[in-house]
Amino acid sequence: MDSQLVEARALEAEITALRRACVEPPAPGEDTSRVRKSFRETYQADSEGWELSKDLRSHLGHLESEIQFLSTLTGISIRHYSKKTEDLTSTEMTEKSIKKVLQRHRLSGNCHMITFQLEFQLLEIQNEESLSSVITDLSIIMEPTEYSELSEFVSRAEERRDLFMFFRSLHFFVEWCEYRKRTFKRFKEKYPEAVHLSEGASSSCMGIRNPSRPGFELVIVWRIQIDEEGKVLPKLDLLTKVPLQALELDKNGVIETAPLSFRTLLGVLGIEATLESLIKSLHTERVMVFRQSRPARTGNRRLPSPPP
Amino acid sequence: MELANTLSQDGESRGGVLAHLERLETQVSRSRKKMEEPQSAQAEESALGTRIHELRRLRDKLRAEVKQHQASVKASTTNVEPDQTLEITEQESLKRKWENVKAILQAYRFTGISGKLTSRGVCVCISTAFEGNLLDSYFVDLVMRKPLQIHHHSIPVFIPLEEISAKYLQTNIQHFLFTLCEYLNAYSGRKYQADRLQSDFEAFLAGPLQRNSLCNLLSFTYKAEPEGQSFPFCARLLYKDLTTTLPTDVTVTYQGKRKYCTFCSHD
């Protein structure tokens, strides 16, 4: 009986001890992240950093969505940016409380199908009254290089160190390109046999033929030009391809004046309606006669912007 | 002092042990008394036996549980170590990403159009420059609602904002922003040129530079040489196209000694 009693007491004591051992560490099946968290809390290397980590992730997400929004708003996606700063303040300048800093920026990204890489230098001079920032150097690399109109524009922008004009004109240029592509595609879909795009949808020329009247072709050349001021203007021209016999029959010189009349028509109907009427004209049985009224307006004044 | 404490501690513990022993003694004596009654003793014995049995069972069960806990704790602590190094590099890459993203957001101002998200929508900042000189910035606070609205802005009143927004704001916001950009950059450029004319060519100007708020109509009198007896010229610059920084019409009138210039208000 004594021994039993002793054993009983010993068992009770052991049980209490074991119970205590069970409570302290976390029970199995619970999240190991809790352990990780406690470990994290005890880690001393960058305690501030650890606190930031969770906030960083959510903040990063917020910033990334902001970039996405900006890229949608402007149509320009910046993929990479870096900056180096060089302090050019001399001791004389510091005495006069003038600060001179040279920043070297590198920027790359794309605007739809065109990618760009820019490097420019920004000189900042701060004196008591004001801060002046001047772009002292600008170099631009653009792809694709198939848009020949762009190379001239790029060198002009570099010369004038006009960074904003570069982006503005780039945007309008791309907008016009997209509109041209959409328009050509639409006509191709609507009149598949009549319309011929030599280089596909992104070509700058659209040919109109009538399969039942071979030999006749109207070619519309639609160039997008950027002028000296950075203004983007579409320039459309009509080229006619006509068999010699037809030329001989053309007493009124309709074919000859077609390009000019085309310009007039553009001014009156706008681009899409003009192109459509040309396509239809080649398909009618009746002969279309271009009325030669007053001489066509010279040059392409500011045509309306491309519709959305 | 310490010795006394330990003694007293020991004394206490001894007291504790002694008391315990005393209790056991009384229990044993009690149980001895009970043993004199065989039936109750037996019953008690069997009760105690079962109790020990149960206690043993419980102890074994708890032993097993504790072993399991210890094993799992060990496992999780060993797991933490490699994860923790992963955490560091993860944090580093996160920080690098964050810095890169922040830099890109800053870089947007070099496109001429940048913005910050607001609770209502977005506050767009349009920057202007002329010949590489960075000039004023203007902002437009947009409310993202259908229809899109301009909450407030810092665009000068003589820029045709209503006209531009009526044409493009609802249908093509990019076009709206870049067109506004055009007007503002042109205005900034004209203003800059007029300011520089006034300040840098003061010696050449024979009178004040007259201009309108849009800076698209300038008129001034100037001399070909700062000193000397050259006759003053009257110049009038008109910029019909508000999106350019070059004038569309320039009139220069030359007068002898007679008053002629209609736009100059001096002799």
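Predicted model: local features only at pLDDT ≥ 70, side-chain atom pairs only at ≥ 80, totals over all residues.
## Extent of the interface

In the interface, 70 residues of chain A are in contact with 75 residues of chain B. About 7200 Å² is buried between the two chains, and carbon and sulfur atoms account for 68% of this area. Of the area that chain B buries against chain A, 11% comes from Tyr108(B), Phe110(B) and Phe178(B), more than from any other three residues.

## Polar and charged links

Between chain B and chain A there are five salt bridges. Glu7(A) and Arg56(B) form a salt bridge in which the closest N and O atoms are 2.5 Å apart.

## Make-up of the chain B side

The elements of chain B that give two or more residues to the side touching chain A include helix 1 (2-35), helix 2 (38-107) and helix 4 (173-200). Strand 1 (113-117), strand 2 (121-130) and strand 3 (133-143) of chain B are also among them. Helix 2 of chain B gives the most, with 36 residues.

Sorted by class, this side of chain B has 32 nonpolar, 25 polar and 18 charged residues.

## Aromatic rings

Over all chains, the count is 16 aromatic pairs. One aromatic cluster is formed by Phe116(A), Phe153(A), Phe166(A) and Phe167(A).

Charged ends also sit over rings. In chain A, the charged end of Arg186(A) is over the ring of Phe187(A), 5.1 Å from the ring centre. In chain B, the charged end of Arg190(B) is over the ring of Tyr239(B), 5.8 Å from its centre.

Technical notes:
Residues numbered from 1 in each chain as written. Chains lettered and ligands numbered in written order. Heavy atoms only, no water. Phe/Tyr/Trp six-rings, centres within 6.5 Å; stacked < 30°, edge-to-face > 60°. Lys NZ or Arg CZ within 6 Å of the ring centre and 35° of its normal. Contact = heavy atoms within 4.5 Å. Buried area = accessible area lost by both parts, 1.4 Å probe. Salt bridge = Lys/Arg side-chain N within 4 Å of Asp/Glu carboxyl O. Helix = DSSP H or I, 4+ residues; strand = E, 2+ residues; numbered from the N terminus. Nonpolar A, V, L, I, M, F, W, Y, C, P; charged D, E, K, R; others polar.
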